[in-house]
Amino acid sequence: MNYEKVIGLEIHMRVKSQTKLFCSCKNAIELESEANVNVCPVCMWFPGMLPAVNMEVIRLGVLAGLMMNCEINKVSRFDRKSYFYPDLPNSFQTTQLYEPIVGAGYVETMVEGKMQRFDIHHMHLENDAGKLSHAGGKTMCDYNRSWSPLMEIVTMPVFHSREEVMEFLKELQKIMRAAWVSDADMEKGQMRCDVNMSIRPEWSSELMSRTEHKNVNSFSAIGRCIDAEFKRQKKIVESWWEVEQETRGWDDASGTSSSQRSKEDAMDYRYVPEPDILPIVLSDEILESAKSQVVELPIVKRQRYLDEYKLWEDDARILTADYDLSVYFDELVTLTNDPKKSCSIMTSVLLALMNESENKKEISQLSFDISQLAKVIELINKDELSSTNSKIVIEELFEQWWNADDIVDAKNLRQKNDMWALESVVDGVLSANPEQVEDYKWWNERVFGFLVGQCMKASKGQWNPKIFNELLKKKMDA
Ligand SMILES: [Zn+2]
């Protein structure tokens, strides 16, 4: 019998606000090198301290919701989820169980060339805990991240393959980066994913009992976890046992998972409404401010590059893989009005240089002005610079700030299009090679290339071969 995977995801993302969720401590997006420097009595939850909601986080949460086509709840509330762990000084997490800020919606993306829609159940805000590290038989607590804001995005069980999960997660990452809501870097722990999965016979539409794998922390680990869990559940079902509903821990090194605890329900966490924080009522101001920051979705941008600019599918995918890159491309097109050439200069020259570079791997690290790159394209289009030589100019721009025109002149790369000078070269070549000219007139096309070569040689390769071609033809056909 064939079985189908049914997968739902819970994704935690670090929100890129300036300060923490309930106090004015710095929200360190990346871990500080020194422990416990971003803490105060509020985020250490000292007795008598009261939290105050950071409205910037609320606005970013609304923005994230809008970018996922979600309903925005004008009123949301925080709840206390009680559990003890040394990285949580007050023994409860402040989260939104019953009335989250963002309701149902969807994210669209391409999976194997087909546009697919994946439903979001809701998104809520909550606080992060501290970080424990173990060394020399001791455990140390670092509360720098304590009370940093997290979004938890919960999907419907709508995924049926690892490809769908991968494409969705990559799209989500792109969306949050585009809107400046989160850097969503999995390697830095800014995006973490729990994988909920069950299987069922292909003909069935019933939801079977599922397992949850916590914090599977890289794209490749998620893929391996899905494959291994499918095999494990299939084996259980095929031997007439039932899959137990439980939380399992994924060990990526061994490629296996093990049972951690049977699934707890809301009762076990003793959820209670948070008494110290009033319900969040969204003002029109916050809603409007979030709406004004909605940007074009990466997938829409990709489609626009295909439809409007007629780019190749691969190029459109590459240019929209990174939001900054696509913004740069858009800007270059505005300057040049030439999407195709802008695309080829970026994908075949600029990205290659960035890949090889040690310290200029990001668009934001480029030191030359974009107008100079536009200038290179303009020179190519005016036949003043050959495509081959344009590479040299861009390499120079990349290395040091300079003016494209100056580089072209300093390196003697400008193609001469002075017709009178070109004609005299052609005349010289024709009179120096009477035999070849005769051969050409007797329909020997091969000598033509030789004659163009002679012209290029005479002009030291600086002049435009296209014009030599035209002139030679015109003169010999006459
Ligand atoms: Zn604080």
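The model is a predicted one. The protein chain falls into three parts: domain 1 (3–290), domain 2 (296–410) and domain 3 (419–477). A zinc ion is held by Cys23, Cys25, Cys40 and Cys43, and helix 6 packs against helix 7.

**Domain layout**

**Zinc site**
- The zinc ion has the SG atoms of Cys23, Cys25, Cys40 and Cys43 as its protein donors, at 2.3 to 2.4 Å.
- Along the chain, these donors are spaced as C-x1-C-x14-C-x2-C.
- Cys23 and Cys43 lie 20 residues apart, both in the loop between strand 1 (3–14) and helix 1 (55–67), and this pair links distant parts of the chain.
- The arrangement around the zinc ion is tetrahedral because the four donor atoms subtend angles of 100 to 112°, and four donors count as tetrahedral if all angles lie between 85 and 135 degrees.
- For comparison, the ideal angle for four tetrahedral donors is 109.5 degrees.
- Cys23 is buried, as its relative accessible area is 10%, and Cys43 is also buried, at 0%; the cut-off for buried is under 20%.

**Helix 6 against helix 7**
- Helix 6 (residues 313–321) meets helix 7 (residues 323–336) at an angle of about 115°, and their axes are 5 Å apart.
- That angle makes the two helices roughly perpendicular.
- On the helix 6 side, the contact uses Ile318, Leu319, Thr320 and Ala321.
- Helix 7 contributes Tyr323, Leu325, Ser326 and Phe329 to the contact.

Notes:
Residues numbered from 1 in each chain as written. Predicted model: local features only at pLDDT ≥ 70, side-chain atom pairs only at ≥ 80, totals over all residues. Heavy atoms only, no water. Domains from an automatic or database assignment. Donors = N, O, S within 2.8 Å, 3.2 Å for Na, K, Ca; no water. Tetrahedral: all angles 85-135°; square planar, octahedral: opposite > 155°, others 65-115°. Helix = DSSP H or I, 4+ residues; strand = E, 2+ residues; numbered from the N terminus. Buried < 20%, exposed > 50% of the residue type's maximum accessible area, 1.4 Å probe, protein only. Axes fitted to C-alpha atoms, helices over the stretch in contact; angles between N-to-C directions. Parallel < 35°, antiparallel > 145°, perpendicular 65-115°, else oblique. Contact = heavy atoms within 4.5 Å.
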